[in-house]
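Subject: Structure for your files

Hello,

Please find the structure below, with the sequence. My notes on it follow.

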Amino acid sequence: MNKKAARAALAALIAASTLPVSACAATLDDRTPAGVPAFNTADHMQYMNGYADGTFRPDAHITRAEACQLIAGLLAESSGGADYLFTDVPNSAWYADAVRELCGFSLLSGYADGTFRPDATITRAEFVTLLARFPHDGIGVSREFTDVPASHWAHEAVQTALAQGWTGGYPDGTFRPDARITRAEAVTMLGRVLGREGDAVMAATGDGIRVMPDVPDTHWAYLAMLEATTDHTYEKNDGRESWLTFEKETTPLASGWHNIGGELFHVNDAQQFDRGTVVGGLTLDRNGRYTTGNAELDKLLTAAAAAAVSDRMTQPEKLRAMYDYAKQRFGYLGIGTVDTTQADWDIAQATSMLQTGKGNCYSWAASFTHLARKVGYDAKVVVGKGVSPKGNESVHAWTEITLNGTPYTFDPQIESVYAARYGEHYDLYMKKYGEAVWGYKADEAQAPEEPAEPEADAALASLMETIYADTQTQSSMVQTVLYPGMGADGQGYELSYFLGTNALPIETGLASEPMISVHPHSIVLARFAEGTDMEAVKKTVAENADPYKWICVGVEPGNVKVDAVGNTLILIMDNDNAQTYLERFQKAAG
C-alpha cells in the first residue's frame with residue numbers, strides 16, 4: 001500500500017510467527033537503561049500495514065523481530081539505543097535498530113545462550129509481558145484465567161493485561177498463554193493500550209476507506225485493524241474516537257478485476273478498491289466483494305473460484321479456467337421442467353448445480369454464467385433452441401458474453417456430455433454466433449403467432465397415454481400433432497424432425513418428446529393409409545431416425561425401437577424404458 005516512505009519499513013512488518021520475551025532472559029549488564037519508555041498516544045499514525053494484494057491476514061502470526069519493529073515504531077521518543085546486540089541479530093538486519101531501541105529501554109532481553117531468536121513466533125503470554133513492561137496504573141482484579149495460575153511465569157503480566165482491559169480472554173475463562181498471537185489479536189491489544197479505536201461511521205461511509213479483501217466489516221477485529229492501518233486525525237467525544245480526516249487507501253494492484261481468496265474485487269483508475277457500487281454490470285457490496293445477492297450462491301462461487309483460479313492468471317485465463325471447471329466438475333441429470341419466466345430462476349439452478357454437481361442444460365448454463373461473473377465477466381444465460389450438427393433443434397440454454405461489442409457463446413454442457421457419452425469432441429468455448437458446429441437460436445422476446453395446429457387424433461392420444469402409463473416422463477413431456485406437409489410454410493418443425501424423413505405418407509400422428517425431464521425420451525406414433533407397405537415404412541424410419549437429435553444428451557442407438565401393428569407405426573427413443581414402451585404398444589395396439 002502507498003504509505004509514507006519514512007514508515008515503509010514499519011509498514012512492511014509482521015508477516016507471520018511469535019515471540020518469547022523474557023522468562024529465560026540473560027541480563028544485559030553492559031549498558032544503562034535510558035529513561036522510561038512511553039507510547040505515542042497523541043498521533044494516530046498507521047503502525048501496521050497489509051500485503052501487496054491488500055490483504056491483512058488477521059490469523060497470521062508474528063515473529064519476535066516483527067514485534068520489536070512494531071513496538072519500536074510506536075515509541076514516543078528514542079531510547080538512544082543500546083550497544084549490545086544478540087549473537088543472532090546482525091547489524092544489517094532490518095529489525096536491528098528496533099531491537100536496540102527496546103533494549104535501550106530494558107524492554108526485552110534474550111536467552112541464556114546470548115541469542116534473541118528473531119524468527120521465533122511470539123505467544124500471547126510473551127506479547128502481554130512485553131506490553132506490561134511499559135509504565136501503567138496499578139489496577140487490581142480479583143478474576144484470574146483458569147489456565148494462568150499464580151505459579152505461571154507470566155502470571156503477573158497476564159493479570160496486568162486483564163486489569164488494564166487489554167484482554168478479556170476467551171468465553172471459556174482461559175487466556176491460552178502458549179498460543180501464538182495473531183495479527184488481529186496484536187492490533188486489538190495495542191489499540192486498547194494506546195487508547196485508540198476505529199470509527200464505525202467513517203468506516204461505513206468514508207470515501208476511499210481501506211478495503212481489506214480478507215477482512216469483511218463483520219470481522220470481530222475489523223475496526224482495530226482499520227485503526228492500525230490508517231493514518232488519520234481525530235477528536236474524542238465522551239471518550240469515543242471520531243475520525244476527522246484520513247489518508248485514502250490505494251493499492252499497487254493494476255486497475256481492473258482481481259480474484260483474491262476466491263472473492264472478486266475491482267480496482268479503479270485511482271488505484272482504489274471499488275465498493276458499494278456496480279462496475280461493468282457486476283454488483284460490489286460494502287466490502288468491495290462481488291455479490292449475486294444470494295448468500296448461499298456467493299459462498300459456493302467463492303469456493304469454486306478459490307479452487308479454479310488465481311490472481312496470477314490473466315482475465316482470459318480465468319474465464320477459461322472457469323469454463324473447464326464447469327466441464328469437469330458437473331454431470332448431466334434431468335431435473336424436471338424449468339420455468340425461466342420466474343425471477344432469479346438462474347440463481348436457483350446455479351445453486352443446485354454447485355451443491356450437487358448434477359443438472360440439465362439450464363443448470364449448466366446458469367452455473368457457468370455465474371462462474372464467469374465471479375471472474376469479472378458480465379455474462380448472461382440465453383434460453384432458446386440448440387441446433388445439432390445434423391440440423392436438429394431442441395430446447396436448450398447456453399451462456400453469452402459480449403466482448404468489445406461482439407456476443408460470444410459458451411456451452412460447457414454439450415462439450416462435456418457428448419465427449420463422455422459418445423466420444424464426440426466439440427469446441428464450444430467462446431464462439432461467435434454461427435461459428436460453432438452447434439447452432440444457437442435465442443427465443444424471441446415475443447414469439448410470432450403460430451398457425452392453428454390440428455387436434456390430436458383421439459385414438460393415438462389414448463394409445464400414447466397407455467404406453468406411458470404414468471411413468472415419470474409423462475409429467476414433463478410436450479406433445480406435437482403430426483400431419484402431412486407440416487413445416488412446409490416455414491413455421492415449426494417438419495416431419496423429418498420426428499421421423500427422420502419428410503417422404504412418408506402419414507395420415508396423422510402424435511409425437512411425445514421431453515421439455516426437460518429426468519431422462520431423454522421420444523415416442524412417435526403415426527397412422528398410415530390402409531394398404532401401405534408397413535415393412536418398407538419401418539425400414540425407412542429405422543434408417544433415417546436420428547438417435548442424437550436431443551440437444552442435451554442424445555439417445556444410444558441400441559435404444560431406438562421401430563415397430564408397427566396394423567397401419568400404426570411407433571418410433572421409440574429412450575435410454576431407460578424403450579423395451580417397456582415397445583411391449584405396451586404391441587399389447588395395446590394389437
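In helix H8 (residues 222–229), the buried residues are Tyr222, Met225, Leu226, Glu227, Ala228 and Thr229. Buried means under 20% relative accessible area, exposed means over 50%, and partly exposed lies in between (1.4 Å probe, protein chains only). Helices (H or I, at least four residues) and strands (E, at least two) are DSSP runs, numbered from the N terminus. The model is predicted: local features need pLDDT of at least 70 and side-chain atom pairs count only at pLDDT 80 or more, while totals for chains, interfaces and linings use all residues. Residues are numbered from 1 along each chain as its sequence is written, and side-chain values use heavy atoms, with hydrogens and water left out.

Six of the eight residues of H8 are buried, so this helix is largely enclosed by the rest of the structure. Its buried residues are covered by elements including helix H6 (183–194), helix H7 (200–205), E1 and E2; contact here means heavy atoms within 4.5 Å.

E1 (residues 232–237) and E2 (residues 240–246) are antiparallel strands joined by six bridges. Two strands pair if DSSP finds at least two bridges between them. Glutamate 235 has serine 242 of E2 opposite. Two residues lie between the strands of this hairpin, and aspartate 238 takes a positive phi near 55° there.

Helix H2 (residues 64–72) is likewise largely enclosed by the rest of the structure, because eight of its nine residues are buried. These are Arg64, Ala65, Glu66, Ala67, Cys68, Gln69, Leu70 and Ile71. The loop between helix H1 (8–11) and H2 contains arginine 57. Its phi is near 55°, a positive value in a residue other than glycine. Arginine 57 is partly exposed, at a relative accessible area of 37%.

Next, the helix pair H10 and H12. The axes of H10 (residues 315–329) and H12 (residues 361–373) come within 9 Å and cross at roughly 155°. Axes are lines fitted to C-alpha atoms, for helices over the stretch in contact, and angles run from 0 to 180 degrees between N-to-C directions. H10 and H12 are therefore roughly antiparallel to each other (angles under 35 degrees count as roughly parallel, over 145 as roughly antiparallel, 65 to 115 as roughly perpendicular and the rest as oblique). On the H10 side, Leu319, Met322, Tyr323, Tyr325 and Ala326 meet Trp364, Phe368, Leu371 and Ala372 of H12. The residues of this contact divide into nine nonpolar, no polar and no charged. Ala, Val, Leu, Ile, Met, Phe, Trp, Tyr, Cys and Pro count as nonpolar, Asp, Glu, Lys and Arg as charged, and the others, Gly among them, as polar.

H12 also lies across E9, strand E10 (393–403) and strand E11 (406–410), running at about 5° to E10. These strands belong to an open sheet of five, in the order E12-E11-E10-E9-E13, with antiparallel pairing. E12 (431–432) and E13 (439–442) stand at the edges with a single partner strand each, so one side of each is left without a neighbour in the sheet. Four bridges join E9 (residues 380–387) to E13, and the two run antiparallel. Valine 387 has glycine 439 in E13 as its bridge partner.

Asparagine 404 sits in the loop between E10 and E11. Although not a glycine, asparagine 404 has a positive phi of about 50°. The residue is exposed, with a relative accessible area of 83%.

Regards
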